[in-house]
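Please open the model in your viewer and keep the selection panel at hand.

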Amino acid sequence: SSRHVVVVTVEDVNDHTPVFDHTSYETSLLESTPVNARFFALAATDADLGANGLVQYAITEGDADGKFGVFPDGYLYVKSSLDRENRDYYSLTVTARDHGDPARSSMVPVVVHVIDENDNAPEFTNSTFTFQLRENEPPDSFVGKLTATDRDMGRNAELTFSLANAQKDFAIDPKNGFIKTLHVFDREELLQSTGQSYVTLEATVTDNGVTRLSDKVKVNVYVTDENDNAPKFLRTPYKVQISEASP
């Protein structure tokens with residue numbers, strides 16, 4: 001008899017599929033996250049060896065706008081700038097594929113929430129507001145309402161209205177933008193003192209973001225006339241002479 005050592009090497013075949021460490025993923029990021037910044041790590045493993053176990057990642061669904069990409073190590077990154085006001089939610093599908101022949105793959109859903117930042121200033125709905133107020137109305141009379149919008153959300157869209165500090169004629173509710181009078185207005189007195197029958201205000205709207213943004217607008221309040229003055233003769237009495245021969 002004789003003996004011989006026989007070494008049997010078991011060669012790998014691609015009989016394992018890449019497996020993600022979770023069945024689904026969910027994450028969030030600020031809309032100001034810079035391009036190419038990594039924001040979330042995916043992980044898939046393959047029990048095979050060599051090329052059969054080498055995993056590559058790709059976003060295969062839900063990213064028609066090309067906002068995201070995935071690095072070879074499984075890190076998701078921002079591919080183009082985000083804007084929550086245009087879209088605040090992405091439902092992606094990421095595929096992990098090995099390099100076998102034929103290749104095997106698996107997919108996982110990834111939900112990405114875009115978090116709002118205060119990147120939009122509030123804007124008044126009108127370039128100028130014009131209101132009318134009847135003269136002789138008592139103090140605290142309603143004049144008009146200012147309206148503004150903000151494309152942000154949450155505290156970044158909470159608006160506060162105000163008038164110039166030197167304002168002594170009107171007051172404004174900071175939350176709803178209602179303008180009311182502080183005293184009785186007399187159109188004739190206003191016309192005599194200023195040469196015009198209206199009052200011009202400057203109003204400001206400010207959001208409640210960490211870095212507050214604002215907008216300004218002019219408000220014209222016209223004081224309308226009421227029949228509160230009787231006609232007066234310029235002289236009393238009038239004296240005139242007339243010849244008895246006048247025709």
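**Starting at Arg38**

Select Arg38 and Asp73 in this predicted model, and show their side chains, which make a polar contact with each other at 2.7 Å. Keeping Arg38 selected, colour by secondary structure, and you will find this residue in strand 3, which covers residues 38-41.

Next, display the surroundings of Arg38: leaving aside its neighbours within four places in sequence, the residue is in contact with Phe71, Asp73, Tyr75, Leu76 and Tyr77. Of these, pick Leu76 and draw a C-alpha to C-alpha distance to Arg38, which comes to 5.7 Å in space although the two are 38 residues apart in sequence.

**Out to the whole chain**

Now zoom out and select everything, so that one helix and 18 strands come into view. Along the principal axes, the C-alpha atoms fill a box of roughly 175 × 35 × 20 Å, and the radius of gyration is 38 Å, whereas a compact globule of 247 residues would have one near 18 Å.

Finally, colour by charge to pick out 22 positive and 39 negative side chains, two sets whose centres lie 7 Å apart.

How values were computed: Residues numbered from 1 in each chain as written. Predicted model: local features only at pLDDT ≥ 70, side-chain atom pairs only at ≥ 80, totals over all residues. Heavy atoms only, no water. Helix = DSSP H or I, 4+ residues; strand = E, 2+ residues; numbered from the N terminus. Rg over C-alpha atoms; globule rule 2.2 N^0.38 Å. Lys, Arg positive; Asp, Glu negative; His and termini not counted. Charge placed at Lys NZ, Arg CZ, Asp CG, Glu CD. Contact = heavy atoms within 4.5 Å. Polar contact = N/O pair within 3.5 Å; in protein donor to acceptor, adjacent residues only side chain to side chain.
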